[in-house]
Amino acid sequence: MENNVSLDLMDFIEQKILPQYASFDKAHNMSHVTSVIRRSIEIGRQSGADMNMVYTIAAYHDLGLSGPRAIHHITGGKILSTDVRLRKWFSAEQIRIMKEAVEDHRASASHSPRSIYGKIVAEADRDLDPMNVFRRTIQYGLNNYPEKNDEEQWERFYEHMQNKYSEHGYIRLWMHGTPNEAKLKEIREYINSPKKLRALFNQLLEEEKGSETEGKQ
């Protein structure tokens, strides 16, 4: 098992892979992927995983957003498994495991990831800091539904919160005893207090709209 990421692998990914995230939306940009990499490495070291594999999976996990969002996890797995440059560092079996990990990272997956590597990236991809979750969801709404007014943005936002993060939502945590458990509980407390959540939504929405206006000047 590699306990540290190979410097030449890191250089390749930083030069050739990570810049692709610059074309994605604010919720899946360079800041997002670097955060997922950092959290993956933290979890991976605790789990005794191969750090080259952990790092590479995290770096590739959202590349499928270059195609339809609904199947980005499948597309991302294909991008990783067909990238012949990775054969310099990994065996065919390692590439297969990494492909499956990318496929299994999606929050809506109904089944547990097939390996510890899938669980690591799935956990790392769940940035469940409540303020980050709320702000990311607002950013996505403004980016993809600019025609919606404030009330329609709120309706989309709250429906998404219910569908994904509530007690009946589709998000699943596959590793126990992590900080994400407490963070998800806090999100659910907001969801169960719609007035409190709406006040926070209004504040964050104005901040994001203000940021967009500044960016256009």
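Trainee: Within what distance do the axes of helix H4 and helix H5 come, and at roughly what angle do they cross?

Mentor: In this predicted model, the axes of H4 (residues 72-81) and H5 (residues 92-104) come within 7 Å and cross at roughly 160°. About the model itself: local features need pLDDT of at least 70, side-chain atom pairs count only at pLDDT 80 or more, and totals for chains, interfaces and linings use all residues. Residues are numbered from 1 along each chain as its sequence is written, and side-chain values use heavy atoms, with hydrogens and water left out.

Trainee: What makes H4 roughly antiparallel to H5?

Mentor: Angles over 145 degrees count as roughly antiparallel (under 35 is roughly parallel, 65 to 115 roughly perpendicular, the rest oblique). The angle runs from 0 to 180 degrees between N-to-C directions. H4 and H5 cross at roughly 160°, so the pair is roughly antiparallel.

Trainee: Which residues of H4 and H5 meet?

Mentor: His-73, Ile-74, Gly-76, Gly-77, Leu-80 and Ser-81 in H4 meet Ile-95, Met-98, Lys-99, Val-102 and Glu-103 in H5, where contact means heavy atoms within 4.5 Å. By class, this contact has five nonpolar, four polar and two charged residues; Gly counts as polar here.

Trainee: Why is H3 called oblique to H6?

Mentor: The axes of H3 (residues 51-60) and H6 come within 10 Å and cross at roughly 50°. That angle makes H3 oblique to H6. Their crossing is right-handed, a word used when the near helix is turned clockwise from the far one by less than a right angle (anticlockwise is left-handed).

Trainee: How do the residues of the contact of H3 with H6 divide by class?

Mentor: Met-53, Val-54, Ile-57 and Ala-58 in H3 meet Tyr-117, Ile-120 and Val-121 in H6. The contact of H3 with H6 has seven nonpolar, no polar and no charged residues.

Trainee: What makes H8 oblique to H9?

Mentor: The axes of H8 and H9 come within 11 Å and cross at roughly 135°. That makes the pair oblique. H8 passes H9 in a left-handed crossing.

Trainee: Which residues of H8 and H9 meet?

Mentor: On the H8 side they are Tyr-158, Met-161, Gln-162 and Tyr-165, and on the H9 side Leu-184, Ile-187, Arg-188 and Ile-191. Six nonpolar, one polar and one charged residues make up the contact of H8 with H9.

Trainee: What volume does the largest pocket have, and which residues lie nearest its centre?

Mentor: Its volume is about 660 Å³. A pocket is an open set of points, on a 1 Å grid over the protein atoms alone, where a 1.4 Å probe fits, with protein on both sides within 12 Å along at least five of seven lines; lining residues have an atom within 4 Å of a point. The largest pocket is lined by 26 residues, and His-28, Arg-69, His-160, Lys-164 and Tyr-170 lie nearest its centre. H8 (150-165) gives the largest share of this lining, six residues, and H7 (130-144) supplies at least two. The lining has eight nonpolar, eight polar and ten charged residues.

Trainee: How much space lies in the second largest pocket?

Mentor: About 320 Å³. Arg-39, Glu-42, Ile-43, Thr-178 and Pro-179 are the closest to its centre among 18 lining residues. H2 gives the largest share of that lining, six residues.

Conventions: Grid points are joined across faces, edges and corners, and a volume is the space filled by probe spheres set on the points. Helices (H or I, at least four residues) and strands (E, at least two) are DSSP runs, numbered from the N terminus.
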